[in-house]
Amino acid sequence: MTPPLTFADASARVDAYISQFREGYFPPLLLMARLTEEAGEVARVIAHEHGKTPKPGEGAGDLELELADLLFVMMCMANERGISLERGFARMMDKVETRDAHRWTRKDGEGA
Ligand SMILES: [Mg+2]
């Protein structure tokens with residue numbers, strides 16, 4: 001069985017890939033453009049799934065792959081800036097689990 005993939009593992013794999021090339025990471029503004037481009041590709045898949053007909057010769061797209069493309073660019077952005085996505089994710093979850101703890105209707109009926 002494949003061991004679980006951590007953020008650190010994935011970031012290290014991205015870094016090992018990028019580090020093979022002299023160009024290295026894109027500069028911040030180009031990474032931002034790539035992030036936006038990949039977000040648009042996610043939007044295109046969702047649009048195809050919800051009524052928009054793909055152009056001739058264009059497939060419906062692969063949401064799993066497009067989300068992974070987006071994650072790859074996010075990891076590039078975090079690596080390029082020396083930011084820990086793992087720590088950021090933990091901080092974000094702490095935020096939503098506390099700030100938004102009573103925001104939504106719980107299935108167990110608590111807080112309703
Ligand atoms: Mg893509």
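Helices (H or I, at least four residues) and strands (E, at least two) are DSSP runs, numbered from the N terminus. This is a predicted model, in which local features need pLDDT of at least 70, side-chain atom pairs count only at pLDDT 80 or more, and totals for chains, interfaces and linings use all residues. Residues are numbered from 1 along each chain as its sequence is written.

**Whole chain**

Start with everything displayed. The protein has four helices and zero strands, and its pattern along the sequence is α-α-α-α. Its radius of gyration is 18 Å, well over the 13 Å that the globule rule gives for 112 residues, so the protein is more spread out than a compact globule. The radius is taken over C-alpha atoms, and the rule is 2.2 Å times the number of residues to the power 0.38. Along the principal axes, the C-alpha atoms fill a box of roughly 55 × 40 × 35 Å.

How much of the protein counts as buried? Of its 112 residues, 4% do. A residue is buried if 20 or more other C-beta atoms lie within 10 Å of its own, exposed if 12 or fewer, and partly exposed in between, with C-beta atoms placed from the backbone.

**Residues 28-104**

Select residues 28-104 next. UniProt lists this range, in an unreviewed entry, as "domain: NTP pyrophosphohydrolase MazG-like"; UniProt positions are given in the numbering used here, feature names are shortened, and annotations may be inferred rather than shown by experiment. Over this range the chain is 73% helix and 0% strand, and the end C-alpha atoms are 36 Å apart.

**Helix α2**

Select residues 28-49, which form helix α2. Its 22 residues reach 32 Å from first C-alpha to last, close to the 32 Å expected at 1.5 Å a residue. The expected span is 1.5 Å times one less than the number of residues.

Pick out E37 in this helix. E37 counts as exposed because it has 12 C-beta neighbours inside 10 Å. Its C-alpha is 8.8 Å from that of L70, which is 33 residues away in sequence.

Go on to I46, also in α2. I46 has 13 C-beta neighbours inside 10 Å and therefore counts as partly exposed. Just after α2, look for G51, which takes a positive phi of about 115°.

**M74 in helix α3**

Select residues 63-81, helix α3, and find M74 within it. Is M74 buried or partly exposed? M74 is partly exposed, because 19 other C-beta atoms lie within 10 Å. Leaving out residues up to four places away in sequence, M74 touches L35 and L85; two residues are in contact if their C-beta atoms, placed from the backbone, lie within 7 Å. The C-alpha of M74 is separated from that of F89 by 12 Å.

**Helices α1 and α4**

Finish by selecting residues 7-18 (α1) and residues 85-99 (α4). Their axes come within 8 Å and cross at roughly 145°. Axes are lines fitted to C-alpha atoms, for helices over the stretch in contact, and angles run from 0 to 180 degrees between N-to-C directions.

Which residues meet here? F7, A8 and S11 in α1 meet L85, E86 and F89 in α4.

α4 has 15 residues and reaches 20 Å from its first C-alpha to its last, close to the expected 21 Å. The number of buried residues in α4 is zero, so this helix lies largely in the open.
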